[in-house]
Amino acid sequence: MKLFLDSAFKNEIPIMADRGILDGVTTNPSLIAKTSGSNYVDVVSGIARQIEECKLDIPLSIEIFESDYSKMTDQAIKFISEINYENLNIKVPIGWDELYVIKSLKSKSIRVNTTCIFSLSQAHLALDAGSDFISIFFCRLSDSGGNPEEVCYELRNIIEKTNSNSQIIAGSIRTPLDVERALTSGAHICTTALNVYEKSSKHILTTQSVDGFMNDFKAWIK
Ligand code: E4P
């Protein structure tokens, strides 16, 4: 499973990149709004340049925020042009009219990350529309009583059976246990915050084992 950083803070990119675990970056309007920036394109361009400084060619997903679907394609094309990042992916929330946008962007060879997915039927529409990435919101779905693992597992089966190149992103991931849920339910990619990955690296028994080894060794080497 690939690991994407879910963040709009460009300083977090080298922290994961320098550990060799950064396979992509995802953003959303709420994450952008947490930054001190005031211009959407400037903030995302800063993220793109930081990725390039890390000498990585990895997917960067940014979300269109036009509410009128007839203007979404133009906004996406504007972002592609102004941000000028080769592996830029446009996040389009799933929806009946948004399917027009997905088709339009794909016809222009623009990569699409169809997001805000909460059901297998939504995911199947996104798949059929040719989405490059399909983002299932794990915790938001389980918070509402849904079963994101089942949606993910079934979607992965469909992708394998149809030899599709679409990749499942498990988003809305809050804890290391959620990362494991994404891993075991067949997601191709997990995207979450930096601190979740840091927590995933730790275990009390690891700390105890290492401390024990060091204490024994220090006693012997005296
Ligand atoms: C991923 O691209 C999503 O935008 C993100 O993971 C949503 O996470 P949240 O449910 O914590 O807002």
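These legends describe close-up views of a predicted model. Local features are taken where pLDDT is at least 70 and side-chain atom pairs at pLDDT 80 or more, while totals for chains, interfaces and linings use all residues. Residues are numbered from 1 along each chain as its sequence is written, and side-chain values use heavy atoms, with hydrogens and water left out.

View 1. D6, T26, N28, K91, F137, R140, G171, S172 and T191 are the residues around the ligand (a heavy atom within 4 Å of it). A polar side-chain atom of N28 lies 2.8 Å from an oxygen atom of the ligand. For K91, the distance from a side-chain N or O atom to a ligand oxygen atom is 2.6 Å, and for R140 the corresponding distance is 2.7 Å. The ligand taken alone exposes 350 Å², of which the protein buries 83% (Shrake-Rupley method, 1.4 Å probe).

**View 2. The aromatic pair of F4 and F133.** The structure holds seven aromatic pairs (Phe, Tyr or Trp rings, the six-membered ring for Trp, with centres within 6.5 Å; planes under 30 degrees apart are stacked, over 60 edge-to-face and the rest tilted). F4 and F133 form an edge-to-face pair, 6.1 Å centre to centre with 70° between the planes. F4 lies in strand β1 (residues 2–6) and F133 in strand β6 (residues 133–137), so the pair ties together parts 129 residues apart in sequence (strands are DSSP E runs of at least two residues, helices H or I runs of at least four, numbered from the N terminus). Both F4 and F133 are buried (under 20% relative accessible area; exposed is over 50% and partly exposed in between, with a 1.4 Å probe and protein chains only).

**View 3. The aromatic pair of F118 and F137.** The ring centres of F118 and F137 are 5.5 Å apart and their planes are at 70°, so this pair is edge-to-face. F118 sits in the loop between β5 (111–117) and α6 (120–128), and F137 in strand β6, 19 residues apart. F118 is partly exposed, with a relative accessible area of 31%, whereas F137 counts as buried at 12%.

**View 4. I83 and the largest nonpolar core.** This core has 58 residues, and L60, I62 and I83 have the most contacts inside it (buried Ala, Val, Leu, Ile, Met, Phe, Trp, Tyr and Cys residues joined through side-chain atoms within 4.5 Å). Helix α3 (residues 40–53) gives the most to the core, with seven residues. Leaving aside neighbours within four places in sequence, I83 is in contact with V41, V44, S45, A48, R49, I62 and L88 (heavy atoms within 4.5 Å).

Notes:
A polar contact is a pair of N or O atoms within 3.5 Å; within protein, one must be able to donate a hydrogen and the other to accept it, and residues adjacent in sequence count only if both atoms are side-chain atoms.
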